[in-house]
Amino acid sequence: MKFLSDFSNIFKRYDLDTEVKKQEARKISDDPVLDAIGKFVVEGEAEDIEAPVKKALETKAPMDVINDGLVKGMNEVSRLWDEGVYFLPQVILAADAMNAGIALCEAKMGKAMDRKGKVVTHTAEGDIHDIGQVIANALLNAGGFEVINLGCDCPVDTVVATVKAEKPIMVTGTALMTTTMTAFPKICHQLEAAGIVIPFISGGGAVAEEWSTSFPLSIWGKEDGWSCGLAEDALAGMGWEDMRSKWNG
Amino acid sequence: MNSKERVLAVLNHQKPDRMPCFTANSTVTYDQMEKVGAYWPEGHDQAEPMAKQAMAAYTILGFDVVRAPFDQMTEAEALGAKVKSGGEKGIPGAAEPPVYTIDDIPPKELPADYLSRARIPELLKAITIMKKELGDEVLIEAGIIGPFSIAAYLLGVTKTLKASLKAPDKLLPFLEISEKAGTALAHALIDAGADIIANEDMTASPDIIMPKSYHDLVYQFQAKQFEEINVPTILHICGDVGSIIEWEGKSGPDILSLEPATDLKLAREIVGPKPIFMGGADAAKVLFMKTPDEVKAACREQVEAGIQILAPGCAVAPGTPTENLIAMVEVAKSYTS
């Protein structure tokens, strides 16, 4: 059993003063430029981040700037989110800052950074609540995956056609409304019928575990924080049934 | 007591014969549509089918109040937002792209023909039909959308969230016009026959924005809105609202509609005795997914924790089985005074 020894964060969410104090974000790097980059990700400053990224690129390899500055900053954001210090707006802004930095690094490399594998993400047809998907995209991006972002209100046929064309390691669907999540079993059945057997992560506010695991290919994605773990399993070749037993009850 | 007397008793902080059951949100399901012979999408933009579907909450389910409309786009659409039909199965939603960017300045006043725009005239007619048909037996509830959620429809949710952190001042004129849009609609709905106004402000939930943003940006507009509405009011914000409930209470609604995620005992300590707590089984995870017995157990747990009006935690999912909704009414009937 885990005992709680530090009570300082318990009432954080009941406190209106949720501005993150400077000392709450941990140090990102001993290198001052990389630390500045990480700090601007944590603070969600997409414009301010450009100068330190450009400075770092004068002496460092672009992939090191990505991994040791930008991604480390996003990991810190992920921690602050998990602990209830950060809310959605901070995470969205941090993702913008990280992506701005990655774009500069990729321009320097003259090509897109090497990625571990493709993940197709979408928000269900009829649903414009893509907030969960925006965060999953940012975390997958930070985790080194190539995100094929189909955005919100995405028809079943588009998802199926994209999977056929792009051959991703995993697909995710987000639905905030009980009226839109019914698209997910349709997608899974069509993929199965086409002989494409890959993990489909069902997530979002309306989606319950019992329902997510009631149709083939689907694994319940309880929270955005699971995104990279699930993608790593898919990358390692784990099948959807094994992933379901590992991640779901 | 009939339903009307029962709900009035609770609103006046007197003892009802039993606990009432009704909701701040939509009650329509496919099954009820079949039973009353009125369907979507007509129920979203034509007065007759809208009234029929709303009244099914009383005639089919036994809820103590009837309520329209069923989607959240009424005001935003009348302010120029593009709407996408939900077809036969869904509710109208916002279409991309949003009508404004954060650098735009929206009009300071509502257009002169605001109340005759988009679907507002049919909604007003539906309320009048409901009042005429059922007004002696049940109170008529009409829904408006809270200022932050309307603003988010005008600007796009993600853009609104970014602005809440980086440029809150730029949101203020959008919140101003959105508050006016909701309040003007509320006045027209009351004139058409509404006895209760429910204010849904989904996007102001701490699941989506910072509690500090609720306090700094939303609270003042909600307080102004409730001040200007002279019938009983309900405030519904989704999710665990423990971090903002003090300000929800202070904004002045008679009833707070709460999802089961909120700790009711702590909430009561914070807001004091006055606001009436409405809530019950989780709309997606229990009412939609589980059996009548599980619905009953979930409802009883919430009543024991302090719920005074039994209700689905949020909008009823249209695929929800009728027996689950009736099970909730049965629980309400079992709490007699």
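**Salt bridges, interface and helix packing**

Reply: Let us start with charge: a search over the whole of this predicted model finds 32 salt bridges over all chains.

Me: What is the general idea behind such pairs, and which parts of chain A does the pair A:Glu166 and A:Lys118 tie together?

Reply: In general, side chains of opposite charge can pair when their charged atoms come close. Here the side chains of A:Glu166 and A:Lys118 form a salt bridge, with 2.8 Å from N to O. Because A:Glu166 belongs to helix 6 (residues 156-166) of chain A and A:Lys118 to strand 1 (residues 118-123) of chain A, the pair ties together parts that lie 48 residues apart in sequence.

Me: How should I read the interface, and what area is buried between chain B and chain A?

Reply: The size of an interface is often given as the accessible area lost when the parts come together. Between chain B and chain A about 2,800 Å² is buried, and carbon and sulfur atoms give 70% of that area; the contact takes 33 residues from chain B and 30 residues from chain A.

Me: How many salt bridges does the rule find across the interface of chain B and chain A?

Reply: The rule finds four salt bridges across the interface, and one salt bridge joins the side chains of B:Lys166 and A:Glu45, at 2.7 Å from N to O. There are also four residue pairs in polar contact across the interface, both residues of each being at pLDDT 80 or more. On the side of chain B that touches chain A, helix 8 (157-166), helix 10 (211-228) and helix 13 (283-288) of chain B each supply at least two residues, and the largest share, seven residues, comes from helix 8 of chain B. By class, that side of chain B has 18 nonpolar, five polar and ten charged residues.

Me: At what angle do helix 7 and helix 8 of chain B pack?

Reply: Helix 7 (residues 147-155) of chain B packs against helix 8 of chain B at an angle of about 115°, their axes being 7 Å apart, and the crossing is right-handed. B:Phe148, B:Ala151, B:Ala152 and B:Leu155 of helix 7 of chain B make the contact with B:Val157, B:Lys159 and B:Thr160 of helix 8 of chain B, a set that divides into five nonpolar, one polar and one charged.

Key
Residues numbered from 1 in each chain as written. Chains lettered and ligands numbered in written order. Heavy atoms only, no water. Contact = heavy atoms within 4.5 Å. Buried area = accessible area lost by both parts, 1.4 Å probe. Polar contact = N/O pair within 3.5 Å; in protein donor to acceptor, adjacent residues only side chain to side chain. Helix = DSSP H or I, 4+ residues; strand = E, 2+ residues; numbered from the N terminus. Nonpolar A, V, L, I, M, F, W, Y, C, P; charged D, E, K, R; others polar. Axes fitted to C-alpha atoms, helices over the stretch in contact; angles between N-to-C directions. Left-handed = near helix turned anticlockwise from the far one by under 90°.
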